[in-house]
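I opened this model to look up a few residues and charge pairs, and I kept my notes in the order in which I worked.

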Amino acid sequence: MIAKAPCAPADQASALMWITSRPDIVFTSGQGSWLTDQTGKRYLDFVQGWAVNCLGHCHPAVTRALTDQASTLVNPSPAFYNPPAMELARRLTACSAFDRVFFANSGAEANEGAIKLARKWGRKHRQGAFEIITFENAFHGRTLAAMSASGKPGWDTLYAPQVPGFPKARLNDIDSVRALVGPHTVAVMLEPIQGEAGVIPADDDFLRALRTLTAEEGLLLMVDEVQTGMGRVGTLFAYEQAGIVPDVMTLGKGIGGGVPLSALLAREAVCCFEAGDQGGTYNGNPLMTAVGLAVLEELTAPDFLAEVAAKGEYLSARLLELSRELGLRGERGRGLLRALLLADDRAARCVELARELEPAGLLLNAPRPDILRFMPALTISREEIDLMIDGLRDVLLRAGKAA
Ligand SMILES: *Cc1c(COP(=O)(O)O)cnc(C)c1O
């Protein structure tokens, strides 16, 4: 017998299927970088729905797009064209290295699409090659194939058997990739910055070496920019910073500004789906793509990304200062996707203490026992960054004493 899952704390939650422990908080509204719970307590939000609300909570552009589109057209079915989907695809291809877009509803689903596209391409152009080299500690989502592509410890056995065909290389070790290339290899897929692993960037040199290797071997290079894309790292996409052009890219999280929208983008030569190969009931629906359009409009407004990069530098400097002050192990990341490296395993305790701060709580994330991750709204202010740092200092000092 498997142990019975603990009861949800709030009576009202007892009908929700238990999948994880949640704090005894019910969020009822949000505005910008702030959330409010059922008691009226406010929280400064450095999680933002897991880096999805790139414009913060209830940004007027997102609300307007949702309400306007909700009263215009919600879903004519994926078998027909609709204006927001066509326009968002056009805009995404215009501001990226890719020629075609397939919309989906989650990062995992976009990655499934990328995996299918690579396998189809391998069948057509590489004698049925199907293996996609991915990386230790990678995170690509929670569908079976995306879990198999991921390198999260324990996931190889959790829902065994896995989907085969995802040999794992080591990030920033080009020889470990080269050693896995064989007749069945069709692609290499990676996150430009491993987010869930604790904000571990792929070096620019490594990304360039990967591009060279995949080009020489005739393999596809696929970047999972579900977390790093849509301005999060200070440029619209992270691959730009390494000066490479991948063949395939997936987007999620920030692309919808909080609503379920994701995308698979590919260069023309890779687009090989035939009628009926790929689809989905909600894919490319105008309600979500209208929001995507409003989000992209904000991100590409003059100076917006430069300001994200500048605030990223500011957050980086303040975290580094705090690290020096408290004898921690520094910080890393790009733009507004950053991590503070603690000296010991007190990250989970910090997340809890931060939530309990009074009068206002602070929402942080601990992707690893000794790492805190920061993924605020791209619209965060320097004053809000300062507020977070003050709360964090308090929390780190108290977590240290308790330990
Ligand atoms: C969050 C994430 C995913 C999964 O996205 P979902 O929308 O949760 O399916 C995939 N890849 C990366 C890099 C992510 O950060």
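**Ground rules.** I am working with a predicted model, in which local features need pLDDT of at least 70 and side-chain atom pairs count only at pLDDT 80 or more, while totals for chains, interfaces and linings use all residues. Residues are numbered from 1 along each chain as its sequence is written, and side-chain values use heavy atoms, with hydrogens and water left out.

**Whole chain.** I noted 12 helices and 17 strands, taken as DSSP runs numbered from the N terminus (helices H or I, at least four residues; strands E, at least two). Of the 403 residues, 53% count as buried, where buried means under 20% relative accessible area, exposed over 50% and partly exposed in between (1.4 Å probe, protein chains only).

**Recorded positions.** I then turned to UniProt, whose unreviewed entry lists Gly-107, Ala-108, Phe-139, Asp-224, Glu-225, Val-226, Gln-227 and Thr-281 under "binding site". These positions spread over 175 residues of sequence and up to 25.3 Å between C-alpha atoms. The UniProt positions are given in the numbering used here, with feature names shortened, and annotations may be inferred rather than shown by experiment.

I found Asp-224 in strand β10 (residues 220-224), buried at a relative accessible area of 3%. Its side chain makes a polar contact with that of Asn-111 at 2.9 Å; such a contact is a pair of N or O atoms within 3.5 Å, where within protein one must be able to donate a hydrogen and the other to accept it, and residues adjacent in sequence count only if both atoms are side-chain atoms. Val-226 lies in the loop between β10 and β11 and is buried at 8% relative accessibility. Leaving aside neighbours within four places in sequence, Val-226 is in contact (heavy atoms within 4.5 Å) with residues including Gly-107, Asn-111 and Lys-253.

**Salt bridges.** I counted 23 salt bridges in the structure. Glu-87 and Arg-90 form one at 2.8 Å, N to O, and being 3 residues apart in helix α3 (residues 83-94) they are separated by about one helical turn. Arg-267 and Asp-247 meet at 3.3 Å, N to O; Arg-267 lies in the loop between β12 and α9 (286-299) and Asp-247 in the loop between β10 and β11, so the pair ties together parts that are 20 residues apart in sequence. Asp-247 is buried at 10%, whereas Arg-267 is partly exposed at 29%. Lastly, I noted that Lys-120, Glu-274 and Asp-277 are linked in a network of salt bridges.

Notes:
Salt bridge = Lys/Arg side-chain N within 4 Å of Asp/Glu carboxyl O.
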